[in-house]
Amino acid sequence: MSGLALDLLLQAIPVGFVMFLVLNFGGLLTWVERKQSAIMQDRIGANRASISVLGLRIRVLGLLHPLADAVKMLTKEDFTPARADVLLFKLAPFVSVFFGLAAFASIPFGDTLQIMGREIQLQAVTLNVGILYVLAMISLGVYGLMMAGWASANNYALLGGQRAAALMISAEVAIGASIMGVVMVYGSLNMQDIARGQGQPLLPQFFGAWIPAWGVLTQPAAFILFLTAGIASTKRIPFDTPEGESEIIGYFVEYSGMKFGMFAMADFLETVVIAGMTTSLFLGGWQVPYLGAEGFRLPWGWAWSLPHLVVVVLQVVAFVVKVCGMIFFMMLIRWTLPRFRYDQAMRLGWLGLFPLSVASIVLTGFLLLLWGAR
Amino acid sequence: MTPNLRRFYLLEVFSGLGLTAAHFFRNMARHVAYAVGASRTGGAVTIQYPEERRPYSPRLRSLHRLVRREDGSPRCVACMMCETVCPAHCIYIVADEHPNPDIEKVPSRFDIDLGKCVFCGYCVEACPEDAIRMDTGILEFSSYSRGGMIYSKEMLLSLEAAGADGRPRSPIPVPADRKA
């Protein structure tokens, strides 16, 4: 009985870590977005929110602004339109945030952790079909937006919901098609297996053990296609046609207070999920180059043995750093490109990303035949 | 670059990303240099207003003041020129006899409604006695009420010209209806 309790307790480690990671990233991204855009545009950015401690105004680089935002949103009027479908209207933001939070569950953030004679997989949920699970969660997230658009009894909101659904479908097809190449190369739908596969050397008959087989090297075209479609599925600029502040305000036009904040939060959570998925599938996941289970093994034979716990911590840190880098890159794109027009976004999805993804699958098949499946 | 190549978004996207990323890293390096004290300017052009201010031009038209004679009485002779020329009708003068027979009149009241004033400076131009000037350098005189925007003769007489650095030298007078 105590063994079961210990198992549950140990299993709570990865679950708690994923919850901690995703929620904190989601909250901090409002700060990152403000500060990064400010620095890119030669500004300082939000830095005024302060807490007075013993007459000292503490600002900590504007890090208190997310807190001030939360207080503001919680104290605002919680408005429901008179003709709204009350149940769906109130449910929609929760649906959005829930699937954003749940999607991260099967993304591995480290190899197995051996502790107290047990092996723990460092991912919240160990699934054989982890990729499909993440895809399903991202797709289900759009139901929140459609519910919001429909239940608001507002034509602009309805337009926004429709656009969100159309964008999600066009992006989803491209996401699904572009990661098929990765699945073919590493031969698994389990994201932990894919992350492990990326630690193998790339084409050892040509390069020896020098280059790790990260997805970005084995599937460069799929990387760009997946990233583009992934950014589209986060509904942020340049693919923010469902919001489109200057034309339709979007599916959340009738929302106020924390419910509105939850839609914004859902966008940030999806950014984290896409960054985590890109890291897992293309940037080697938790792999540190040349770091094996026993320590560093460099190709010319130099070795540095490390204890198990240090290796695991290094891997988790590597994963978090890679995710941060991807988030930085996605923010860079968000603050560089203008919004695609609705028809341009659709054309890019259906006539650009989707056929190219299929072509990438075919090419991958040929190359795998040529150089042999792993 | 040919138009067809430009229609293929990716190259242009990367050149745009390069531009914004260059800005980010350059400004970030400057911010870090400023934070460790290696540089006197940060990576931003922002002026943090209440703490930092831009230098004011000497021509700046700021809050009015009434100039005094050497004996301390107002230079104003209540000729009503400024009241007449004011396009916003924001100056209200009540004339009175001056005790000195050489000087014809003196204002017993001289109120400026700053809620109406458009800061055109015509009153300064029109004044034959150089009795009203707009050189105090004071820009922040907000109030919670319309009455708080009406500045009386005594308040206007108490003000001084801005210093050589353009900063106000006299404190902002507090209207009677405002609690300090």
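User: Which residue in β3(B) does D96(B) stand opposite?

Analyst: Strands of a sheet pair through backbone hydrogen bonds, either parallel or antiparallel. In this predicted model, D96(B) stands opposite V106(B). Strands here are DSSP runs (E, at least two residues) and helices are H or I runs of at least four, numbered from the N terminus. Two strands pair if DSSP finds at least two bridges between them. Seven bridges join β2(B) to β3(B), residues 105-113, in the antiparallel sense.

User: What is the order of the strands in the open sheet?

Analyst: The order is β2-β3-β5 in chain B, with antiparallel pairing. At the edges are β2 (91-97) and β5 (150-151) of chain B, each pairing on one side only.

User: How far apart are the C-alpha centres of the two domains of chain B?

Analyst: Domain bounds come from an automatic or database assignment. Chain B has domain 1 (3-35) and domain 2 (65-157), and their C-alpha centres lie 55 Å apart.

User: How many residues of chain A are in contact with chain B?

Analyst: Contact means C-beta atoms, placed from the backbone, within 7 Å. By that rule, 11 residues of chain A are in contact with 14 of chain B. On chain A's side, α1 (2-40) and α11 (308-334) each supply at least two residues, and the largest share, three residues, comes from α1(A).

User: How should I read the numbering and the cut-offs?

Analyst: Residues are numbered from 1 along each chain as its sequence is written, and chains are lettered from A in the order written, with ligands numbered from 1. Local features need pLDDT of at least 70 and side-chain atom pairs 80 or more, while totals for chains, interfaces and linings use all residues.

Notes
Contact = placed C-beta atoms within 7 Å.
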